[in-house]
Amino acid sequence: MTKAAIIGSGIGGIATGIRLAVKGYDVTVFEANTSFGGKMHQFDLQGYRFDAGPSLFTLPHLVDELFTLAGRTPSDYFTYTRLDPITHYFWPDGSKLKAYADPDAFATEAEQQLGVPAKDVREVLAKSARLYDGTADTFLHKSLHKADTYLSADVLKAFGCLPDLGLTTTMHGANARLFNDPRFVQLLDRFATYNGSDPYQAPGTLNLIPHLEHNIGAFYPKGGIYSIAASLVKLAEELGVTFRYSERVERIITQNGKTTGIETSAGRYSTGVVVSNMDVVPTYRRLLPDQPAPERTLQQPRSSSALIYYWGIAREFPELHLHNIFFSGDYKKEFEHIFRHKTISPDPTVYVNITSKLEKEDAPAGCENWFVMVNVPHHQGQDWEQLIHSTRTAVTNKLSRMLQTELADAITCEQVLDPLLIEQQTSSYAGALYGSSSNNRMAAFLRHPNFSSKIKGLYFCGGSVHPGGGIPLCLLSASIVDSLVPTVTPAKNLKQH
Ligand code: FAD
């Protein structure tokens, strides 16, 4: 059987492993950490369970598709429910809004709580759907770096959308043109953070993101986000994929412009296909030091990162749900702090995710597991110890004020994740959450392709390459790699387990 080596067991690496195993490859996934998942891992802290990284799950059919591809029934491995409401929003002026899953109910709520015309809300969601439907097939589902992509009917559809694409305005500019209420504009602008961008710089095209959450839906997987990775690893192992943990890949070996193997902390392995799920910057810098690197691509500005306080909270807050957002008073200033001054606003927008609202066993009785996140710059030499300290004070003061309680008294235990740790734990360059940022209107074309044009047999998946970061796009990167890797043998006769 033809061998394939995958470097990293992030969600992109696991999905690629499944796809290549189905294709007939003998797949080994090499993982530097002691377990799988990369950013999608979990941990326990004094009786509380936490998903360490992602918390919002959209486009679940991309996970289901992997089980179906392997001839399995997805619900035998993995189940999820549609959230309603999706998010509870809080503003500093005391206004609140529940983002209901049904677009009409959401529009009515926006009218009642913020005075925003419901018909304008319905129209902005319909516009987001048109943007997504017109562009996703070209920009997300295929390689942008293969001629075939430009010869398909989907490209004509994407060109048909050009006037609506918002390439000549920023996300914020497009939203502020449609709505007078700064709070609703802030709610729409927030979707820029879903790929680590700045709504005041990112092109209006990113206004397709609300469609995923508000029209298609936001979901919660039973057992938490970690269960996505865990159920896919179970499937991969059933398909014969080998996972080698605590085995860091140190070199990709090439000969005459082709991959011939890899060298790890434990030895050498020969293989004709290598897929890097490691961030593309260290892939070139550390694993291919003698090869010319695509400097223009590698030097693209990185996305934002995150500072997370995982708190055990010794009481319950009935006014909160799974996803909660506490907005800053000045969003523009907040993004200037992140992207221009490379620091954290003293009044950051705070996201609080509480899985114990849906899974009681994630926290002791009468308590809640709070994942408290603020958007921060990627690492550029900042003093994180000082920032962790000052931001903790800002966050506890803000939440205490907005929830009318003394929050610090309720925190029973704490763990913190900052950009340096994110880089240390996953090799994500500068701790960026989503690879390069999408602040530039050409950003989609400047992401690294899913293959090397210089080294035959070398492919790339995961959040630092095309089509981008976040769970759904990492899964799509695996699907694109699948379409590029040659078929070797007739697909295995997959048995139902
Ligand atoms: P990664 O998760 O980056 O994993 C890469 C793996 O490769 C790691 O396990 C690493 O150890 C391994 N590796 C690296 N180098 C080597 C080597 N040399 N040898 C062997 N192994 C190696 N996305 C969403 O969709 N929704 C969210 O709500 C969301 N929130 C987020 C919040 C946080 C705090 C973070 C950190 C991320 C969030 N994301 C979210 C983004 C999402 O988690 C990532 O885009 C996605 O999980 C990245 O997957 P990946 O395939 O790129 O691999």
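Val 376 counts as buried because 27 C-beta neighbours lie inside 10 Å; a residue is termed buried if 20 or more other C-beta atoms lie within 10 Å of its own, exposed if 12 or fewer, and partly exposed in between, with C-beta atoms placed from the backbone. The structure is a predicted model, in which local features need pLDDT of at least 70 and side-chain atom pairs count only at pLDDT 80 or more, while totals for chains, interfaces and linings use all residues. Residues are numbered from 1 along each chain as its sequence is written.

Val 376 belongs to strand S17 (residues 368–376). Strands (E, at least two residues) and helices (H or I, at least four) are DSSP runs numbered from the N terminus. Excluding neighbours within four places in sequence, Val 376 is in contact with Ser 304, Ser 305, Ala 306, Leu 307, Ile 338, Ile 344 and Pro 419, where contact denotes C-beta atoms, placed from the backbone, within 7 Å. Pro 301 is 75 residues from Val 376 along the chain, and the C-alpha atoms of these two residues are separated by 14 Å.

The axes of H1 and H9 come within 10 Å and cross at roughly 25°; axes are lines fitted to C-alpha atoms, for helices over the stretch in contact, and angles run from 0 to 180 degrees between N-to-C directions. H1 and H9 are therefore roughly parallel to each other, given that angles under 35 degrees count as roughly parallel, over 145 as roughly antiparallel, 65 to 115 as roughly perpendicular and the rest as oblique. The crossing of H1 past H9 is left-handed, a term applied if the near helix is turned anticlockwise from the far one by less than a right angle, with right-handed applied if clockwise. On the H1 side the contact is formed by Ile 11, Ile 14, Ala 15, Gly 17, Ile 18 and Ala 21, and on the H9 side by Ile 228, Ala 229, Leu 232, Val 233, Leu 235 and Ala 236. These residues comprise 11 nonpolar, 1 polar and no charged; Ala, Val, Leu, Ile, Met, Phe, Trp, Tyr, Cys and Pro count as nonpolar, Asp, Glu, Lys and Arg as charged, and the others, Gly among them, as polar.

Ile 11, Gly 12, Ala 15, Thr 16, Arg 19 and Lys 23 of H1 meet Ile 471, Cys 474, Leu 475, Ser 477, Ala 478, Ser 479, Val 481 and Asp 482 of H16. This contact contains 7 nonpolar, 4 polar and 3 charged residues.

The largest nonpolar core has 137 residues, of which Ile 18, Ala 229 and Leu 232 touch the most other members. Such a core is a set of buried Ala, Val, Leu, Ile, Met, Phe, Trp, Tyr and Cys residues joined through C-beta atoms within 7 Å. Not counting residues up to four places away in sequence, Ile 18 touches Leu 66, Ala 70, Leu 232, Leu 235, Ala 236 and Leu 239.

Helices H6 (residues 171–178) and H7 (residues 182–189) pack at an angle of about 145°, with axes 9 Å apart. Their crossing is right-handed. Met 171, His 172, Asn 175 and Ala 176 of H6 meet Val 185, Leu 188 and Asp 189 of H7, a contact with 4 nonpolar, 2 polar and 1 charged residues.

Gly 272 is located in the loop between strand S12 (268–270) and strand S13 (273–276), and counts as partly exposed because 17 C-beta neighbours lie inside 10 Å. Gly 272 touches Thr 2, Lys 3, Thr 259 and Gly 457, residues up to four places away in sequence not being counted. Between Gly 272 and Thr 2, 270 residues apart in sequence, the C-alpha to C-alpha distance is 7.7 Å.

Most residues other than glycine have a negative phi, and most peptide bonds are trans. Cis peptide bonds, with omega about 0°, join Asp 84 to Pro 85 and His 466 to Pro 467. Pro 85 lies in the loop between strand S5 (80–82) and strand S6 (87–90), and Pro 467 in the loop between strand S19 (458–460) and H16. Positive phi values occur at Lys 342, near 55°, and at Ala 430, near 60°. Lys 342 is found in the loop between helix H12 (331–340) and strand S16 (350–354), and Ala 430 in the loop between helix H14 (419–426) and helix H15 (443–446).

Conventions. Contact = placed C-beta atoms within 7 Å.
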